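This report considers how parts of one protein chain pack together. Please examine the sequence and the structure before reading on.

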Amino acid sequence: MSTGLAMGASESGVLASLLASNRAGEYVARDKIRRFLPAAPVTQEQAGISSALIEDLFLRHVHLKRCNTIGALSESMALAYPIVERVFRDVRNQRLLEVSGMTGDDYIFSLTGAGRAMAAERCRVCQYAGPAPVSIGAYRQAILDQRPQVTVNRAALRLAFGDLVVTDRLLDQLGPALVAQNSMFLYGPAGTGKTSLAERLLRVYADQLVMPYAVEVDNQIIVLFDPAVHERVHVDMEDADPRWVVCHRPCVIVGGELIPSMLELRRDDSSGTYAPPVQMKANGGMLVIDDFGRQLISPRDLLNRWIVPLDRRVDYLSLNYGVRFQIPFEVMIVFATNLEPSELADEAFLRRIPNKILVEAVAPEIFDEIFRRVLVNLKMPCEEGASEHLRKLCLERGGDLRPCYPRDMCQIIRAVKTYEEQPLGVSRADLERAVELFFGTMEGGHSN
């Protein structure tokens, strides 16, 4: 396999059809989504959060977002009109609001001096003014009810990896791990396509995930929905609780930037809200630890942190002042590394990662197919015998045939041709020049 490979027209069409069927969430999966999408609550008790929290949120929305009708607040807070109307009357009775008029059957109002002082005080504690959160209990149950159920065989998996060149042997190792939803190591030399494989594993999920925008724990707010991670699916269900969002199952990818604090709740002092750890963001989907062993956090510390969650499928988080609570750990962890698993973890941890899949250098025919696809993708004509010549050069300088070599060499040649204002093309001389630039002047160098 390789990264960034091109597809022929027929291959592209087949893969597009597969991805379209896997992501046709708005309509084909509506009945299934309805089972997991709660009905909109009409009372504070049904909403599952405290009246004090709703009142604080009400004041912040009026103060920060300038909402000045019950209808606007209902939409902005993602709470039913009757719930917001009740809070409006309570806050008005405290002389924190003054009504200035009507729009239809709705009130137009603003904060009084006392109301502005109260709202400013609440904003100093927390500035969150988004959709109302759901309770931690509701979140836990939603994740448990939506454990991924993967049904896949070799043919379906080949379609999912249609833009890579993957052997049946490798597919047959990946398939059972995906069906069982067990975490895995993808290990092997650099440049063999481990990251490319990991990034595409999410394609086996053919359903969507219902998740909340935010979660409440002890009246503290964890902002869970992240548009950079959670790809929203718009589903029109008028009776649904608007505090929940339908999205594709998430895939979070972290690399060398991973530090211990990213595995725990982090309080933002400026907003007063909590950011979830990476494993909570990835709940219901997949978390890829890329280039494992190169992070600032040591492999031992990371594995010790997750040894219990991987075994029991639960994790424990703490608020800043010590309140500890449980969340599901329904996430498939993929460790991609060019180190041997035995160098990274002890036997106790390795037992909890039952799938250790070696991603090796490729056979000559696979290498040639990757080269062909790269040329198609980059629209670069090729001199006859260039593929064999590239193989010979890579074996001499790199020692083996890694899937990254065709792409890397062709990108070097493309840059050279552009710089020298020459037409695109790949000759033997071009390949020799690219190989020298890639491996350097030292004999026997290897790609990283």
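At roughly what angle do the axes of helix α5 and helix α7 cross? In this predicted model, the axes of α5 (residues 51–64) and α7 (residues 81–93) cross at roughly 80° and come within 10 Å. Because angles of 65 to 115 degrees count as roughly perpendicular, α5 is roughly perpendicular to α7. On the side of α5, the contact is made by Ile54, Glu55, Phe58 and Leu59; α7 contributes Ile83, Val84, Val87, Phe88 and Val91. By class, this contact has 8 nonpolar residues, 1 charged residue and no polar residues.

**The nonpolar core**

In soluble globular proteins, nonpolar side chains tend to be buried together. The largest nonpolar core here has 30 residues. Those with the most contacts inside this core are Phe58, Leu73, Met77, Leu79 and Phe109. Two or more residues come from each of α5, α6 (70–77), α7 and β2 (106–111), and α5 gives the most, with 6 residues. Leaving aside neighbours within four places in sequence, phenylalanine 109 is in contact with residues including Phe58, Leu73 and Phe88.

**Cysteines**

A disulfide is a covalent bond between the sulfur atoms of two cysteines. A search of the whole structure finds 0 disulfides.

| Cysteine | Nearest cysteine sulfur | Distance |
|---|---|---|
| Cysteine 251 | Cysteine 247 | 13 Å |
| Cysteine 404 | Cysteine 394 | 8.4 Å |

Is cysteine 404 buried or exposed? Cysteine 404 counts as buried because its relative accessibility is 5%, and buried means under 20%.

Notes: Residues are numbered from 1 along each chain as its sequence is written. This is a predicted model: local features need pLDDT of at least 70, side-chain atom pairs count only at pLDDT 80 or more; totals for chains, interfaces and linings use all residues. Side-chain values use heavy atoms; hydrogens and water are left out. Axes are lines fitted to C-alpha atoms, for helices over the stretch in contact, and angles run from 0 to 180 degrees between N-to-C directions. Helices (H or I, at least four residues) and strands (E, at least two) are DSSP runs, numbered from the N terminus. Angles under 35 degrees count as roughly parallel, over 145 as roughly antiparallel, 65 to 115 as roughly perpendicular and the rest as oblique. Contact means heavy atoms within 4.5 Å. Ala, Val, Leu, Ile, Met, Phe, Trp, Tyr, Cys and Pro count as nonpolar, Asp, Glu, Lys and Arg as charged, and the others, Gly among them, as polar. A disulfide is a pair of cysteine sulfur atoms within 2.5 Å. Buried means under 20% relative accessible area, exposed over 50%, partly exposed in between (1.4 Å probe, protein chains only). A nonpolar core is a set of buried Ala, Val, Leu, Ile, Met, Phe, Trp, Tyr and Cys residues joined through side-chain atoms within 4.5 Å.
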